[in-house]
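Welcome to this short tour.

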Protein chains: 2
Amino acid sequence: MTTRKPGLRERTRQAVRSQLMEVAWDLFVQQGYDATTVDEIAAAAGMSQRSFFRYFATKEDVVLVKFEAVGELLASVLADRPASEDAWTALRHSFDVIVEATERDPRYGLALLRITDQSAALRAGRLEQQLHWQELLTPLVAERMNQPADPGPAALTAAALACLNVANIAWLVSDGTDSLRRLVDDAMAAVQPVRHDVAR
Amino acid sequence: MTTRKPGLRERTRQAVRSQLMEVAWDLFVQQGYDATTVDEIAAAAGMSQRSFFRYFATKEDVVLVKFEAVGELLASVLADRPASEDAWTALRHSFDVIVEATERDPRYGLALLRITDQSAALRAGRLEQQLHWQELLTPLVAERMNQPADPGPAALTAAALACLNVANIAWLVSDGTDSLRRLVDDAMAAVQPVRHDVAR
DNA sequence: ACAAAAATGTCAGCCACTGACACGTTGTGC
DNA sequence: GCACAACGTGTCAGTGGCTGACATTTTTGT
């Protein structure tokens, strides 16, 4: 009884969602993304296919929602970086939340990248997610630029995310052998080498 | 009769393909991408749905193949740039083939961007295409870098393509009002400002 | 002219996804 | 307590993209 907090109902909904995500994750790891049907996932979670689609709009979403929170996380970290940092450096540091999470549990990150690389739809979905991150980060990047003319902040943000992406893929190719931190460093350094002239 | 050249058959195949592309294009422009079924396209081209899929693997492909040739075009232009140019500048100049094509026929470019923005699948597909371009350009970029350590060339290429993409989207948002050339210039300048120190 | 190869249509079927409806559960106001 | 509304769920039917298999009709090489 009692709807104590704004969301007794909402909580169960979230519980079902994460249970679906878990079940789907296991199946994807075992037999691959494409080889797993929504019917299987739903059955494994004890519900009908129709109900699955009441929790996730598409099959991809069961995986892709894992990226959703990251955008806001990146944005909040970026906003908290000291104002003295230039945009590129600040972006590099905000990416550390991803790097550190990956270092904390490399196997999870590796599995996630592996799954999202299996299907064209998922690869594409990850890129779409990054577009969303870009939208979140661009205004914050603009604040750190001298003269934020229109395409500038978005370009800088997109370039940084592209570096992150390249580093991630290189890391995936190395099977997690390489240091993701180093790869991100190198990728971003290749695009914007340390500018001593600007620094002083 | 007579199989004069290595590919009379191949030519008719290409003819059918481009006819399908035209028919599909018209339908997409008229009623939108999602609202157009493959059956409609096939019928309008006078063939069965099954045959459509013998020419294009997916519905998206009817649009996306338009981007395929661009990758090789970019690569060949990039390879022909003077060896004295640094990678970023050379990339900027190779993008000019796109800029100039767009200036030559802005309406086509605009329609293409509009269509590919209608559907999530197409938006994603365009990004996937860029990944392919990236693979083609990366080795050429590596040649122009001082010390092409592993993630470097890919990162630089990806960053440049990200700039191109941002410029394209900004141009689309402006309905083709802005100068695409200027947008590309600004986007790429924002990421790698002219480095006078390196130049001399 | 004839046999191999290729293009096409039809049919059946899988899978992601959606709308509609009916039923049971769960809170809400009285 | 109880009726009522809201919500979650299953079932069913249907659409659209896409594929394998097979039979039929062109092409094409000799």
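Start by selecting A:Leu20. With a relative accessibility of 0%, this leucine counts as buried, where buried means under 20% relative accessible area, exposed over 50% and partly exposed in between (1.4 Å probe, protein chains only). A:Leu20 sits in helix 1 (residues 8–31) of chain A. Helices here are DSSP runs of H or I with at least four residues, strands are runs of E with at least two, and both are numbered from the N terminus.

A word on what you are looking at: this is a predicted model, in which local features need pLDDT of at least 70 and side-chain atom pairs count only at pLDDT 80 or more, while totals for chains, interfaces and linings use all residues. Residues are numbered from 1 along each chain as its sequence is written, chains are lettered from A and ligands numbered from 1 in the order in which they are written, and side-chain values use heavy atoms, with hydrogens and water left out.

**Chain A as a whole**

Zoom out to see chain A, which has 11 helices and zero strands. Its C-alpha atoms fill a box of roughly 65 × 45 × 30 Å along the principal axes. Of the 200 residues in chain A, 49% are buried.

**The DNA**

Look at the polar contacts, which are pairs of N or O atoms within 3.5 Å. A side-chain N or O atom of A:Arg50 is 2.8 Å from a base oxygen of DNA strand C, and one of B:Arg54 is 2.6 Å from a base oxygen. Helix 3 (49–55) of chain A and helix 3 (49–55) of chain B are the elements that give two or more residues to this surface.

**Helix 8 of chain B**

Move to B:Ser119, which caps the N-terminal end of helix 8 of chain B: a side-chain oxygen is 3.0 Å from the backbone nitrogen of B:Ala121. Follow the helix to B:Leu137, where it bends by about 40°, with the proline B:Pro139 following within four residues. The bend is the angle between axes fitted to the seven residues ending at a residue and the seven starting there.

**The cysteines**

Select A:Cys163 and B:Cys163 together. Over all chains the count is zero disulfides. A:Cys163 is buried, at 0% relative accessibility, and B:Cys163 is buried at 0% too.

**Last stop: a positive phi**

Finish at A:Asp175, in the loop between helix 9 (151–173) and helix 10 (180–191) of chain A. Its phi is near 60°, a positive value in a residue other than glycine. Most residues other than glycine have a negative phi. A:Asp175 is partly exposed, at 47% relative accessibility. In chain B, the phi of B:Asp175 is also near 60°, and B:Asp175 is partly exposed at 46%.

How values were computed
A polar contact is a pair of N or O atoms within 3.5 Å; within protein, one must be able to donate a hydrogen and the other to accept it, and residues adjacent in sequence count only if both atoms are side-chain atoms. A disulfide is a pair of cysteine sulfur atoms within 2.5 Å.
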